[in-house]
Amino acid sequence: MKKKASQQQKLLYRWKRKVYATFLFAFCLGSFVFIQARFSGIVASLESLKPRLDQKPQIAFLFIARNRLPLESVWDAFFQGEEGNFSIYVHSRPGFILSEATTRSKYFLDRQVNDSIQVDWGESTMIEAERVLLRHALRDPFNHRFVFLSDSCIPLYSFSYTYSYIMSTPTSFVDSFADTKDSRYNPRMNPIIPVHNWRKGSQWVVLNRKHAEIVVNDTSVFPMFQQHCRRKSLPEFWRDRPVPAEGWKEHNCIPDEHYVQTLLSQKGVDSELTRRSLTHSAWDLSSSKSNERRGWHPMTYKFSDATPHLIQSIKGIDNINYETEYRREWCSSKGKPSPCFLFARKFTRPAALRLLRESILLRDKEQDN
């Protein structure tokens, strides 16, 4: 009886060993297959990233447009052959798509953001559109600089010169100065935005990645602008809304001329800025004979204005005077004197095409000398 029990125990022991061995073999095989799959996935991911591992930092060009881009031919020539060094994002009216029916440039196809908003001049929607563009552009880790442009902007130099100029410094280019002449500051912004941080300047800024993230992550200054920074009611013949009962209290605050500058001042990064814009606008309209060129907006250059003399005069500007700060900004790049502006506005389509056709644009500085 004892002998029979001993044999049963041996059989049970052998059976357990076989089950354990089978289980161990299955586990090892499964682990091998899993590791191989993971390794293959990692290799595939690295292979897919390989073309971008050696990529240079990109400049993200952020266009604020009404619909299509009327000067796309000029920009198409500007971007030719520079693939991998730039990216493009366009904010147009909601629902507008840059398709083959609305653009002839391959660089702008499907480059519109899909969450655009309706933008009104002189309203906080303009700076909201800027934040939308930045949110999209920041998703690409290769975007290191962020250039804001309007649909009437043109580049003055070649892409290579523009790229070298912008990338030669870690600073952002932000036209920013103390706003002491105009009464645009609304005391209701205090204490969130104290008056000593109130700044003014051009909305056409060039931001580095750190400062772009500050703009996108802002949750305190932007709401103040939405509530208390609004333009003054337009003259009667331009009016698009009733004049408020206490119109004399309006501060004529144009959000896009103050927001980025004031926000960066609030964050204490003024020392990290080159405090000037890279985009030229002609605000001195005193000599203009055209009534439509006076008032709320800078001069629009028409076909007859588009001459070599005009472009050379803009390229020849090498300093900017800031009266409110008793400061004159002498422009430099790589430690040497340089032109102040890389872009200019506002140009009509005929004017821009004339400049491109006559080969007045997109020259390097060395070619101009």
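# Disulfides, rings and cores

Q: Quick one to start: are Cys331 and Cys340 buried or exposed?
A: Both Cys331 and Cys340 are buried. Buried here means under 20% relative accessible area, exposed means over 50%, and partly exposed is in between, with a 1.4 Å probe and protein chains only.

Q: And what am I looking at, in terms of model and conventions?
A: This is a predicted model, where local features need pLDDT of at least 70 and side-chain atom pairs count only at pLDDT 80 or more, while totals for chains, interfaces and linings use all residues. Residues are numbered from 1 along each chain as its sequence is written, and side-chain values use heavy atoms, with hydrogens and water left out.

Q: OK, back to the cysteines. What do Cys331 and Cys340 form?
A: A disulfide, with the sulfur atoms 1.9 Å apart; the criterion is a pair of cysteine sulfur atoms within 2.5 Å. The torsion about that S-S bond is 95°, and the link of Cys331 and Cys340 is right-handed.

Q: How many disulfides does a search of the whole structure find?
A: It finds 2. Cys229 and Cys253 form a disulfide too, their sulfur atoms 1.8 Å apart.

Q: Why is the disulfide of Cys229 and Cys253 called left-handed?
A: Because the torsion about its S-S bond is about -80°. Cys229 and Cys253 are 24 residues apart, each in the loop between α6 and α7 (259–266), and the pair links distant parts of the chain. Helices and strands here are DSSP runs (H or I, at least four residues, for helices; E, at least two, for strands), numbered from the N terminus. As for accessibility, Cys229 is buried at 1% relative accessible area and Cys253 is buried at 0%.

Q: What's the pairing pattern, with the bonded cysteines numbered in sequence order?
A: 1-2, 3-4.

Q: New topic: aromatics. How many aromatic pairs does the structure hold?
A: 27. Rings of Phe, Tyr and Trp (its six-membered ring) pair if their centres lie within 6.5 Å; planes under 30 degrees apart count as stacked, over 60 as edge-to-face and the rest as tilted.

Q: Why does the pair of Phe63 and Phe108 count as edge-to-face?
A: Their ring planes sit at 75°, with the centres 5.5 Å apart, so that's the class they get. Phe63 lies in strand β1 (residues 58–64) and Phe108 in the loop between β2 (86–91) and α3 (125–137), so the pair ties together parts that are 45 residues apart in sequence. Phe63 is buried, with a relative accessible area of 1%, and Phe108 is buried with 0%.

Q: What about Trp198 and Phe225, stacked or edge-to-face?
A: Stacked, at 5.7 Å centre to centre with 20° between the planes. Trp198 is in the loop between β6 (177–178) and β7 (199–200), and Phe225 is in helix α6 (residues 221–228), so this pair ties together parts 27 residues apart in sequence. Trp198 and Phe225 are buried.

Q: Which residues do ring pairs link into a cluster?
A: Phe61, Phe63, Trp75, Phe78, Phe79, Phe86, Tyr107, Phe108, Phe159, Tyr163 and Phe343.

Q: Which charge lies over the face of Tyr163?
A: Lys56, at 4.4 Å from the ring centre. For that, NZ of Lys or CZ of Arg has to be within 6 Å of the ring centre and within 35 degrees of the ring normal. Arg111 lies over the face of Tyr89 as well, at 5.3 Å from the ring centre.

Q: Now the core. Which residues touch the most other members of the largest nonpolar core?
A: Phe61, Trp75, Phe79, Phe108, Ile154 and Phe347, out of 54 residues. Helix α4 (residues 159–167) gives the most to this core, with 5 residues. A nonpolar core is a set of buried Ala, Val, Leu, Ile, Met, Phe, Trp, Tyr and Cys residues joined through side-chain atoms within 4.5 Å. There's a second, separate core of 38 residues, which includes Leu133, Tyr185, Trp198 and Ala212.

Q: What does Phe347 touch?
A: Leaving out residues up to four places away in sequence, Phe347 touches Leu71, Ser152, Ile154, Tyr301, Leu310, Ile311 and Leu355. Contact means heavy atoms within 4.5 Å.

Q: Last one: why is α2 described as largely enclosed?
A: Because 6 of its 8 residues are buried: Glu72, Val74, Trp75, Asp76, Phe78 and Phe79. After α2 comes Gly81, with a positive phi near 80°.
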